[in-house]
Amino acid sequence: MNELENKNVLICVTGGIATFKIVEVASRLKKLGANVRVVMTKAATEFVSPRTFQEITRNTVAVEMFKDAADFNVAHITLANFADVVLIAPATANFLAKAAHGIADDLLTTTILATVAPLIVAPSMNTNMFENPATQENLKILANRGVKIIEPATGELACGISGKGRLPEPEDICEEIVKFFAAKKDLRGKKILVTAGGTVEPIDPVRYIGNRSSGRMGYEVARAARNHGAEVILISGRSDLEPPANVKFVRVETAEQMRLSILDEYSAVDAVVMTAAVSDYRVKHFSTQKIKKSAQSIILELVKNPDILKELGNLKKSQILVGFAAETENVINYARGKLVEKNLDFIVANDVSAEGAGFSVDTNIISIIYRDGKMENFPKMTKAELAEKIIHRLTNFLDARFSGQ
Ligand code: C5P
């Protein structure tokens with residue numbers, strides 16, 4: 001089957017002991033119908049000759065910025081533009097560090113910087129090098145930018161130890177490429193607004209009312225929507241997370257600021273996923289000076305913040321509205337009430353007191369409740385996996401709306 005017919009894959013080979021496995025990757029991709037070009041670092045050529053890749057791909061292999069230019073008109077730009085996807089395999093720790101920081105000191109890293117094609121990276125190295133915080137941080141930087149990381153396998157390494165760091169088998173790497181091209185961009189042309197993080201309500205210039213929301217669930221929802229091809233606006237309260245790449249990012253502090261930023265966009269969006277933990281109250285009188293600790297007790301008078309989602313529910317035209325209900329008791333009943341009260345299409349309920357759920361953890365346990373009373377319960381999953389589920393259900397609603405059901 002020619003699953004990759006007319007697809008342009010640029011393979012960037014850096015110098016690791018696993019370099020030889022990429023010969024088979026290139027060969028398999030060719031057999032699947034792809035047009036394959038290879039760039040190598042100088043170190044990679046110590047393991048495999050460029051000629052080998054040249055024979056397999058039937059294309060000139062580029063290594064040096066200024067020497068291999070005979071076939072190319074500005075080599076790095078030609079290569080960067082050629083790619084529908086770029087596979088970097090094996091990716092050394094050195095490469096990850098350079099890519100994370102935008103260093104372009106050879107043809108390969110310059111090409112990476114010049115391309116707008118998605119990157120798929122397959123790291124391979126000694127376990128200690130892989131687990132070194134520097135490497136882990138670089139991987140995080142790349143993942144946050146939307147780079148797909150193929151996790152290395154665990155097993156016998158060339159350096160004699162056993163651990164994590166092995167390059168996955170060629171067929172698994174090729175499978176990732178096939179999956180990439182098969183991935184559905186089912187939200188292309190749709191505009192999705194996601195809110196995340198906790199709002200911050202100032203008391204005086206120093207103190208505020210806040211909450212424990214990390215923003216993780218909402219950032220994952222934004223990332224998933226982007227991956228499905230949507231145009232994404234992420235409006236975020238407080239969160240320490242790096243915003244996903246290629247989304248319109250708006251930072252806000254208070255519930256009122258969040259409300260205004262959402263209303264600015266609301267009429268033009270197809271859906272809103274309201275993950276943010278919006279403070280229900282704010283102080284009635286903001287003190288312009290720091291409040292002194294002279295009195296034994298003080299009373300802060302609080303007034304109710306606008307319920308943004310309820311307002312969106314009232315203003316709703318064709319937008320699909322998704323709410324969240326984070327509770328510590330009676331989760332499902334409260335969630336059902338909010339679904340109706342706020343005129344939502346579905347609501348994601350979670351018991352934030354359950355282990356492996358709620359704030360500041362990578363996992364969550366949710367139920368999705370629909371208008372017709374149906375409910376789906378999900379087991380404990382990572383927030384990234386749950387974001388996929390939520391986006392999938394949202395896509396069904398958008399499809400139904402567009403087909404006039
Ligand atoms: O009513 P409750 O705060 O539990 O509802 C939670 C849902 O409503 C969440 O989706 C949250 O983002 C949203 N919300 C809001 N404005 C508020 C409070 C909550 O939009 N003031």
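# Getting to know this predicted model

What you're looking at is a predicted model, where local features need pLDDT of at least 70, side-chain atom pairs count only at pLDDT 80 or more, and totals for chains, interfaces and linings use all residues. Residues are numbered from 1 along each chain as its sequence is written, and side-chain values use heavy atoms, with hydrogens and water left out.

**The whole chain**

- The protein chain has 14 helices and 21 strands; these are DSSP runs numbered from the N terminus, with helices being H or I of at least four residues and strands being E of at least two.
- Along the principal axes, the C-alpha atoms of the protein chain fill a box of roughly 75 × 60 × 40 Å.
- Of the 405 residues in the protein chain, 49% are buried (buried is under 20% relative accessible area, exposed is over 50%, and partly exposed is in between, using a 1.4 Å probe and protein chains only).
- Take the contacts in the protein chain between residues at least 6 apart in sequence: 66% of them join residues at least 24 apart (a contact means heavy atoms within 4.5 Å).

**H5 and H8**

- Back to the opening pair: the axes of helix H5 (residues 93-100) and helix H8 (residues 133-144) come within 9 Å and cross at roughly 50°. Axes here are lines fitted to C-alpha atoms, for helices over the stretch in contact, and angles run from 0 to 180 degrees between N-to-C directions.
- H5 and H8 are therefore oblique to each other (under 35 degrees counts as roughly parallel, over 145 as roughly antiparallel, 65 to 115 as roughly perpendicular and the rest as oblique).
- On the H5 side, Ala93, Leu96, Ala97, Ala99 and Ala100 make the contact, and on the H8 side it's Thr135, Asn138, Leu139, Ile141 and Leu142.
- That contact of H5 with H8 splits into eight nonpolar residues, two polar and no charged (Ala, Val, Leu, Ile, Met, Phe, Trp, Tyr, Cys and Pro count as nonpolar, Asp, Glu, Lys and Arg as charged, and the others, Gly among them, as polar).

**H1 and H3**

- Helix H1 (residues 21-31) and helix H3 (residues 50-57) have axes 9 Å apart and pack at an angle of about 15°, which makes H1 roughly parallel to H3.
- The crossing of H1 past H3 is right-handed.
- H1 brings Ile22, Val23, Ala26, Ser27 and Lys30 to the contact, while H3 brings Thr52, Phe53, Ile56 and Thr57.

**The eight-stranded sheet**

- Eight strands line up as S12-S11-S8-S13-S16-S17-S19-S20 in an open sheet with mixed pairing (two strands pair if DSSP finds at least two bridges between them).
- Strand S12 (248-251) and strand S20 (375-377) are the edges, each with a single partner strand, so one side of each has no neighbour in the sheet.
- From one strand to the next, the twist averages 15°.
- S8 and S13 pair in the parallel sense over four bridges, with Thr195 opposite Met274 in S13.
- S13 and S16 also pair in the parallel sense, over four bridges, and here Met274 stands opposite Gly323 in S16.
- In a regular strand, side chains alternate between the two faces of the sheet. Along S13, Ala271 and Val273 point one way and Val272 and Met274 the other way, and all are buried.
- Strand S16 (residues 320-327) and strand S17 (residues 346-351) pair in the parallel sense over six bridges; Ala326 has Asn350 in S17 as its bridge partner.

**Helices on the sheet**

- Helix H13 (residues 331-341) packs on the sheet and touches S16, S17, strand S19 (366-370) and S20, with its direction at about 155° to that of S17.
- Helix H11 (residues 255-266) lies across strand S8 (191-196), strand S11 (231-236), S12, strand S13 (271-274) and S16, running at about 175° to S8.

**Two residues to look up**

- Lys164 lies in strand S7 (residues 162-166) and is partly exposed, with a relative accessible area of 25%.
- Leaving aside neighbours within four places in sequence, Lys164 is in contact with residues including Met125, Phe130, Glu151 and Leu157.
- Glu176 lies in helix H9 (residues 170-182) and counts as buried at 17% relative accessibility.
- Not counting residues up to four places away in sequence, Glu176 touches Ile120, Lys148 and Ile150.

Methods: A crossing is left-handed if the near helix is turned anticlockwise from the far one by less than a right angle, and right-handed if clockwise.
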